[in-house]
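Visitor: I'm new to this one. Can you put it up and take my questions as they come?
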Amino acid sequence: MTYTYRITIAQLNPTVGDLSGNAELAFGAWEQGKAAGADLVALPEMFITGYQTQDMIRRSGFILAAVAEIEALARRCADGPTLAIGGPALDGVRLHNSYYMLKGGAIIGRADKHFLPNFNVFDEVRLFNRGEIQGPFATTGPRIGTPICEDAWYPDVAEAQVESGAEVLLVPNGSPYFRDKFEVRLNNMVARVVENDVPLIYLNLLGAQDDQVFDGGSFVLNPGGQLAMQLPVFEDAIAHVDLERTDDGWRVVDGAKAHLPESLEQDYHAMVLSLRDYCRKTGFKKVLLGLSGGVDSAIVATIAADALGPDNVRCVMLPSEYTSQASLDDAAACAHALGCKLDTVSIKEPVRAVDQALAHLFDGLDADLTEENIQSRLRGLLLMAQSNKFGEMLLTTGNKSEVAVGYATIYGDMSGGYNPIKDLYKTRVFDICRWRNANHRPWMMAPAGEVISVAIIDKPPSAELRPDQKDEDSLPPYPVLDDILFRLVDEEQSVADCVAAGHDRAVVKKIEHLIYISEYKRFQSAPGTRLSKRAFWLDRRYPIVNRWRDNS
Ligand SMILES: Nc1ncnc2c1ncn2[C@@H]1O[C@H](COP(=O)(O)OP(=O)(O)OC[C@H]2O[C@@H]([n+]3cccc(C(=O)O)c3)[C@H](O)[C@@H]2O)[C@@H](O)[C@H]1O
Ligand SMILES: Nc1ncnc2c1ncn2[C@@H]1O[C@H](COP(=O)(O)OP(=O)(O)OP(=O)(O)O)[C@@H](O)[C@H]1O
Ligand SMILES: NC(=O)CC[C@H](N)C(=O)O
């Protein structure tokens, strides 16, 4: 006779702080599992609170409410499969990131996370106490070890659990996206499977929280490291993992294997999902943005239209005396192709009014950056006025190259609540535009086709704040700038490393200086989608006041 055991895994999208809503999602998954004859239904790490909760997890009221919600779930799920769910646990003054087993109306077990991540976006040593490694949970089928996310990135916890009898590893995760991270996860999990010779179920969260995007992409491995199941990335999914007991131990029956898209598509999907979730979870139904006819605002409009639907995205052209006819035409064509409304608000008169208001103070002084920034600030003011009046959240559009060197006006074009391209270098903005023009997916709400014209992609980038201005007047060409930025910011290389890679030292020093002196701008900037391991905000925390420079 074959012994089988079914684990339903739920790659779902919780909302931080929405304890009852998250419990409802968990209960829905449990009902689906029960209907499918599951023995156990599993949810990801910290599902009851959402992830990451940051310092809110230090509030005892929040912890107690989360635990009460888990106890209520246990009672609701008394009659049916075991429910496994992540949540906080308080032992006296010791706070844990834990994984609970609920059965027969009660909490029947709990594992506490042992390895607390404390790098990049994680501060878990600051927030939680390290748990003791413990043995597996006994079930009616296999004994199940549950290393929690970071626990499975090192051999110790899995090895200890298997030594004390675990026959299957179920790894609940809150693993946020960065480009090509799937390979990193897979390599780590294959290592655990090879070391321990048991099947492993890797279950990740879905959904976005502020800057971070949990991309799902859960998967199941058999001993030896063979992929038995693959869930989609960036989408909700519930799947049933069937385990069979063989003479060699428990094995997973081969199941569906979702296709994993290339990295441009994954980045694009991350930006769409993060903006969609940011708006949904904060309660915004509509957004607006300034559409200049340039490539940055065009891709942000496209992301927004794909995330929220074209009817919920309003574009505003705010021409000045320097705005070219080509910019007016390109912005109109982009809004039209996306199916978004385009309004026009001229800044010519407001610019004149501000000039007049300041004339008695600025008399005799040459026009300079001040006047350029006034244009950008008037656009910010006029866009924010519309945001207030119509309840639309303003999107800001600075790419990572601009954010890195401070090439944007504070309280001007930096105005806005969210920036989906904040972690996308300008050279990759172009690649993403071309990719979106050539590809369409069911999760995109805007039309297919060339939504960003070749004219927009091919024109030399310009802020159009003075006659014939080009970005390359003040910055090196973007391919050079982006390579230097990638080395200095993402790779944390030295100035000497950049020079050794072929860059001009004076140019590298100028870029290094711009990065350091614009820290104050980033501190005041809107959050945006994290796509890399070194996104501005939590991945890279630098002082604002800082006199050190690298003289290598
Ligand atoms: N450490 C610090 N802490 C706090 N405040 C600090 C500061 N350093 C300067 N400041 C203040 O910041 C202000 C200067 O910053 P800000 O007013 O932004 O002006 P600023 O950075 O001098 O100029 C804006 C730059 O962005 C470019 N731009 C503007 C608009 C659009 C685009 C585009 O293509 O996307 C590019 C523009 O061409 C120019 O190069 C000053 O008022 C100064 O007092
Ligand atoms: N004429 C304009 N009409 C509407 N919005 C504008 C206009 N000019 C600038 N903006 C807004 O300010 C942002 C910064 O624009 P700017 O043109 O100065 O530089 P950019 O970073 O090259 O952006 P883009 O590629 O969108 O032009 C734009 O993305 C847009 O949101
Ligand atoms: N929640 C966690 O423990 C996350 C850390 C983990 N190594 C990851 O990024 O996937």
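Visitor: What is phi like at Glu492, the residue that follows H15?
Guide: Phi of Glu492 is positive, near 50 degrees. Helices (H or I, at least four residues) and strands (E, at least two) are DSSP runs, numbered from the N terminus. This is a predicted model: local features need pLDDT of at least 70, side-chain atom pairs count only at pLDDT 80 or more, and totals for chains, interfaces and linings use all residues. Residues are numbered from 1 along each chain as its sequence is written, and chains are lettered from A and ligands numbered from 1 in the order in which they are written.

Visitor: Which residues of H15 are buried?
Guide: H15 spans residues 478–490, and its buried residues are Tyr478, Leu481, Asp482, Ile484, Leu485, Arg487, Leu488 and Val489. Buried means that 20 or more other C-beta atoms, placed from the backbone, lie within 10 Å of the residue's own; exposed means 12 or fewer, and partly exposed is in between.

Visitor: And what covers them?
Guide: The cover includes helices H11 (400–405), H12 (426–438), H16 (495–500) and H17 (505–517).

Visitor: New topic. Which residues come nearest to ligand 1?
Guide: Ser376, Thr409, Ile410, Ala463 and Tyr520, out of 18 around ligand 1. A residue is near a molecule or strand if its C-beta atom, placed from the backbone, lies within 6 Å of it.

Visitor: Which helix gives the most to that shell?
Guide: H10, with four residues. H10 covers 369–390; helix H14 (471–474) also supplies at least two.

Visitor: What about ligand 2: which residues come nearest?
Guide: Gly290, Ser292, Gly294, Ser297 and Ala463, of 20 around ligand 2. Strand E15 (287–290), H7 and strand E16 (313–317) each give two or more residues to the shell. H7 gives the most, with three.

Visitor: Where does the largest nonpolar core lie?
Guide: The core has 149 residues, and Ala301, Ala304 and Cys334 touch the most other members. Domain 1 (4–255) and domain 2 (264–471) both contribute, so the core lies between them. The domain bounds come from an automatic or database domain assignment. A nonpolar core is a set of buried Ala, Val, Leu, Ile, Met, Phe, Trp, Tyr and Cys residues joined through C-beta atoms within 7 Å.

Visitor: Last one. Why is E8 largely enclosed?
Guide: Five of the five residues of E8 (200–204) are buried, so the rest of the structure largely encloses this strand. Leu200, Tyr202 and Asn204 point one way, Ile201 and Leu203 the other.

Notes:
Two residues are in contact if their C-beta atoms, placed from the backbone, lie within 7 Å.
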